[in-house]
Amino acid sequence: MNDWFPVVDHACCRLTDDETNFADRVARELLDRHAEFGLDSLLAEFQATDLSEAPSLHLDDLSEIRRVNDSDQSFFQERARVRAGEGDYLATSWHADETYEDYCREQLGLGHVNRIHPRGDETLEQSDGVHLAEAIWKDRRTRRELVHAIRQDGLRYLQPHMGSHAVWRLALLLHQTSHRPLQVIGAPPGVTEFANDKGQFLQLVQRMFGPHAAPPGHVVWNTANAAHQIQKLSGQACCVALKLPNAAGGEGNLVFALDTIRDWSLTDVDRMLRDRLPQLRYEDGDELVVTAWQTGVIAAPSAQLWLPPGDDTMPVLEGLFIQRIEGDEGRFIGFGSAYLPTDLRDRMTRQCLQLARVYQRLGYVGRCSFDMVLIGQDLESSQMQFIECNGRWGGTSLPMTLMNRIFGDWKSQPFTTRMLKVPGSRRLSFDDVMKALGRDVYDHRDKTGNLILMNPRRMSVCDELSVVLLKKDWAQDVEECFARIAGRIKDQVALVSKGRNGDSIRPVAS
């Protein structure tokens, strides 16, 4: 496929025939119970059956990810740039920063990408640009450009953030207009919803690996049942989490200590939930996951997998990483490579490959990851528990894939990532940041620099800088490095605020 597609197998072991057969049997059980996993006759022909070297349209449509706050989420669309390669199309609901595009093309060597910027109607614009697939179709100019590319064999695949209903509908509409083949590199919509549902994942993990393979928890549909399950957890954990099953990251979590309500009646707990759950935009009748919130966590591993089409080729485990999480609700802010005892790594690899095999047999194609926690005093004696499946591209898989593209194999170049909060940085342009960091920004042409920058749109919306640090070795003091980087950006903010010329900044080695 294009150069965005370097999948590198880092599994330390392989599934046995018995393990594969068990995963296949679980998948058949699920298919028998869930008719919605299949694709209707109109969409079935767009399911990816082969991955050849042909251009893709990358579109990260966010319309079917549940969000709790009303902040602008459109900056997530820009993350797809690091997987888009020469001749590919990349859709965003806003115009790209040309300095960043030049940086990706020249300094990172990611190739020339055809950027498209569909204009939504008033309804779409009011949704902060998350309905990207719909906007692509409704914008006549964008629609004509893509249909022409398909007819000229300049576009073969749709590679979305995840296989949402909107993306599959877009594939159908483009095909009906162009009368040419088109495939979606993603799961069918029903399988996508199943994979990203925290409650369904909890039940699947317990079905496959036993009740202790995930934190104690249950799926409920109202506050009364939630209150009952919370009281049942009272003797098993010190904290409880209420989770919206389809929310991204820690945004849909509500966490509180059980000792504050240990002596409350069910009526009191129910009343408290009715007061607090509206902050998650929860209403009775919606699904809610009630689960123990583990506090003795010593590490939060994440397994990154690629699921090829068909049943003959097994899923690929590309890497195990340790995520950096902050805040009571578990907000992801970065990650680094995982160093795990051999027995633990082997068990984690086998169980992740089995789970991936189940999804593959359900029709899943493309990127998938599993988040876990390790609980105990040390890694050797720790208990591993699965937390959730991310049936989509995300904050770990995208930098990993970028490292594969630049260095051939992410393991050949030690790295770690962080989202740095720098108040006032939204006043900076990407060019301002480049000037502040100077030759410390990596350039593949002469192999200089140790910083890779991603997603400047996030900075302009959230005052957060997405940074990949290329480490000299795994023992490097990364937190000190990131603190210095943030300090240099703060200095640039101060200069820009005072109206001074950013060219006057003298880069400080990181």
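**View 1. Helix H10 passes helix H11 in a right-handed crossing.** A crossing is right-handed if the near helix is turned clockwise from the far one by less than a right angle, and left-handed if anticlockwise. This is a predicted model, in which local features need pLDDT of at least 70 and side-chain atom pairs count only at pLDDT 80 or more, while totals for chains, interfaces and linings use all residues. Residues are numbered from 1 along each chain as its sequence is written, and side-chain values use heavy atoms, with hydrogens and water left out. Helices (H or I, at least four residues) and strands (E, at least two) are DSSP runs, numbered from the N terminus. Two packed helices are described by the angle between their axes and the distance between the axes. H10 covers residues 223-233 and H11 covers residues 266-276. Their axes come within 9 Å and cross at roughly 120 degrees. Axes are lines fitted to C-alpha atoms, for helices over the stretch in contact, and angles run from 0 to 180 degrees between N-to-C directions. H10 and H11 are therefore oblique to each other. Angles under 35 degrees count as roughly parallel, over 145 as roughly antiparallel, 65 to 115 as roughly perpendicular, and the rest as oblique.

**View 2. Residues of H10 meet residues of H11.** From H10 come Thr223, Ala224, Ala226, Ala227, His228, Ile230 and Gln231. From H11 come Leu266, Val269, Asp270, Leu273 and Arg274. Contact means heavy atoms within 4.5 Å. The residues of this contact divide into seven nonpolar, three polar and two charged. Ala, Val, Leu, Ile, Met, Phe, Trp, Tyr, Cys and Pro count as nonpolar; Asp, Glu, Lys and Arg count as charged; the others, Gly among them, are polar.

**View 3. Four strands form an open sheet in the order E6-E9-E7-E8.** The pairing is antiparallel. Two strands pair if DSSP finds at least two bridges between them. The edge strands are E6 (217-220) and E8 (253-257), and each pairs on one side only. From one strand to the next, the twist averages 15 degrees.

**View 4. Strand E7 (residues 239-243) pairs with E8 and with E9.** E7 and E8 run antiparallel, with five bridges between them. Four bridges join E7 to E9, also in the antiparallel sense. Follow Val240: its bridge partner in E8 is Phe256, and its bridge partner in E9 is Ala292. Ala241 stands opposite Val255 in E8. Five of the five residues of E7 are buried, so this strand is largely enclosed by the rest of the structure. Buried means under 20% relative accessible area, exposed over 50%, and partly exposed in between (1.4 Å probe, protein chains only). Both faces of E7 are covered. Cys239, Ala241 and Lys243 lie on one side, with Val240 and Leu242 on the other.

**View 5. Helices H9 and H10 meet the sheet.** H9 (residues 198-209) lies across E6, E7 and E9 (288-292). It runs at about 135 degrees to E6. H10 packs on the sheet and touches E6, E7, E8 and E9. The direction of H10 makes about 10 degrees with that of E9.

**View 6. Helices H3 and H14 pack at an angle of about 50 degrees.** H3 spans residues 98-107, and H14 spans 430-437. Their axes are 8 Å apart. H3 and H14 are therefore oblique to each other. Thr99, Tyr100, Tyr103 and Gln107 in H3 meet Phe430, Asp431 and Met434 in H14. The contact residues divide into four nonpolar, two polar and one charged.

**View 7. Trp410 sits in the loop between helix H13 (397-407) and strand E16 (415-421).** At 1% relative accessibility, Trp410 counts as buried. Leaving aside its neighbours within four places in sequence, Trp410 is in contact with His10, Glu318, Gly319, Phe321, Ser337, Met400, Met403, Asn404 and Phe415. Trp410 and Leu320 are 90 residues apart in sequence and 11 Å apart in space, C-alpha to C-alpha.

**View 8. Lys447 and Asn455 have positive phi values.** Phi of Lys447 is near 55 degrees, in a residue other than glycine. Lys447 lies in the loop between H14 and strand E17 (451-454). At 58% relative accessibility, Lys447 counts as exposed. Phi of Asn455 is near 55 degrees, and Asn455 is not a glycine either. Asn455 lies in the loop between E17 and helix H15 (456-462). With a relative accessible area of 3%, Asn455 is buried.
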